[in-house]
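The sequence and structure come first.

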Amino acid sequence: MNDNHQNLVETMFPSDGSGIKPYEWMISPTRQRQWIDEKGIFLWLAFFFSEIGAGLYFMSLFYSFRPGIVIGWLITLILGGVIHMLYLGNPKRAWRMLMKPNTSELSRGIWIIGVFAVLGFLQMITPGGFNMVFNFIMGILCLLIISHGFATMNVVRALPAWSSTVVLPLSIISGIWVGHQLLQLLFALSGSATVVSGMEVWAATFFLIYILCIGLYAWGTWHMSDVAKISVKKMLEGDLKRITYVGVGVLAVLLPLIFTLIMWGGSTNGFLVFLRLASVLAGDLAIRYLIMKTAVYNPLI
């Protein structure tokens, strides 16, 4: 009996008699566990690092900022790629995923990341790499990588909270917003005060769109169906409510709002940019964790 079968048996037939009964998933909404519990935590982190790396690369294209695309490329491939490998049950058979790009969102994502790796490397080493054609192609690839994690989740129709139409816009603005904040800090560290100040108008714009998408996701999921509403309730109950109030309410919304108002009009400060970035990173991780942790399956009956 392999590890997966052993884990399934232990989940369905725990020694203390608790846990999921064999028939429970057919008659009751049951929470998905494979993509967030135990090794699933690697998938949560892999999606996060891949998307913020691509977000940094995407924003760096607009400023022709080579250090930004190098760091974004490394975050996407090294952090995102290595953590992805930790999630795989049998890495030696992972190559099979490449064979189904027509039917598998996961397979398409691997191909896109492969093309991104090659073309991104060429752009980094080419003196005239920031031309319009190269930037356009890499921009499209970055947007596809940013949305890849949530796009993969979005096709799982049995989980209503993941099939929301707001999931993809939320993932894209999330990657761009976090990538923008990383880039702003890099410019602050390089002493480019004028550029950092000029970026603040976009920081406010991306932040407002981000907050709007979070609100639309919560509102849309609540009104989508009774099963989807359970996902929102789970965010507000038990241990997860602390992550919701602190992670989303304080770190993703309140603190970035305060820092944005303080720096409104371009009155930027490197230390405040750093504090806002730290808050944004933690808040975005919390949002992604809640979306993955609270998704429940539609019962069959």
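The sections below describe a predicted model.

## Salt bridges across the chain

Side chains of opposite charge can pair when their charged atoms come close. In this model, a search of the whole structure gives six salt bridges.

One of them joins the side chains of R276 and E200, with an N to O distance of 2.8 Å. This pair links distant parts of the chain: R276 belongs to helix α12 (residues 270–293) and E200 to helix α9 (residues 200–224), and the two are 76 residues apart. R276 and E200 are both buried.

D284 and R288 form another salt bridge, and their closest N and O atoms are 2.7 Å apart. Here both partners lie in helix α12, four residues apart, or about one turn of the helix. D284 has a relative accessible area of 1% and is buried; R288, with a relative accessible area of 3%, is also buried.

Elsewhere, salt bridges that share partners join R31, R33, D37 and K293 into one network. Within it, the side chains of D37 and R33 meet at 3.8 Å, N to O. R33 is partly exposed, at 34% relative accessibility.

## Surroundings of T260

T260 is found in helix α11 (residues 240–262). At 3% relative accessibility, T260 is buried. Which residues is T260 in contact with, leaving aside its neighbours within four places in sequence? They are E200, A204, F207 and R276.

In soluble globular proteins, nonpolar side chains tend to be buried together. The largest nonpolar core of this model has 68 residues, and those that touch the most other members are Y57, F116, W162, W177, Y217 and I291. At least two residues of this core come from each of α3 (40–62), α4 (66–87), α5 (105–125), α6 (132–154), α7 (167–189), α9, α11 and α12.

Y217 shows how such a member is surrounded. Not counting residues up to four places away in sequence, Y217 touches A161, S164, V166, V167, L170, M235 and I291. I291 is itself among the core residues that touch the most other members.

## Nonpolar surface patch

V133, F136, I137, I140 and L144 make a nonpolar surface patch of about 470 Å². One of these residues, I137, has its place in helix α6. I137 is partly exposed, with a relative accessible area of 37%.

## Positive phi angles

Most residues other than glycine have a negative phi. E38 has a positive phi, near 50°. Where does E38 lie? E38 is in the loop between β1 (30–31) and α3. With a relative accessible area of 67%, E38 is exposed.

S64 also has a positive phi, near 45°. The place of S64 is in the loop between α3 and α4. S64 counts as partly exposed, at 42% relative accessibility.

Notes:
Residues numbered from 1 in each chain as written. Predicted model: local features only at pLDDT ≥ 70, side-chain atom pairs only at ≥ 80, totals over all residues. Heavy atoms only, no water. Salt bridge = Lys/Arg side-chain N within 4 Å of Asp/Glu carboxyl O. Buried < 20%, exposed > 50% of the residue type's maximum accessible area, 1.4 Å probe, protein only. Contact = heavy atoms within 4.5 Å. Core = buried A, V, L, I, M, F, W, Y, C linked by side-chain atoms within 4.5 Å. Patch = residues over 30% accessible without salt bridge, like charges linked within 9 Å, V, L, I, M, F, W, Y side chains within 5 Å. Areas by Shrake-Rupley, 256 points an atom, 1.4 Å probe, with all protein chains shown as cover.
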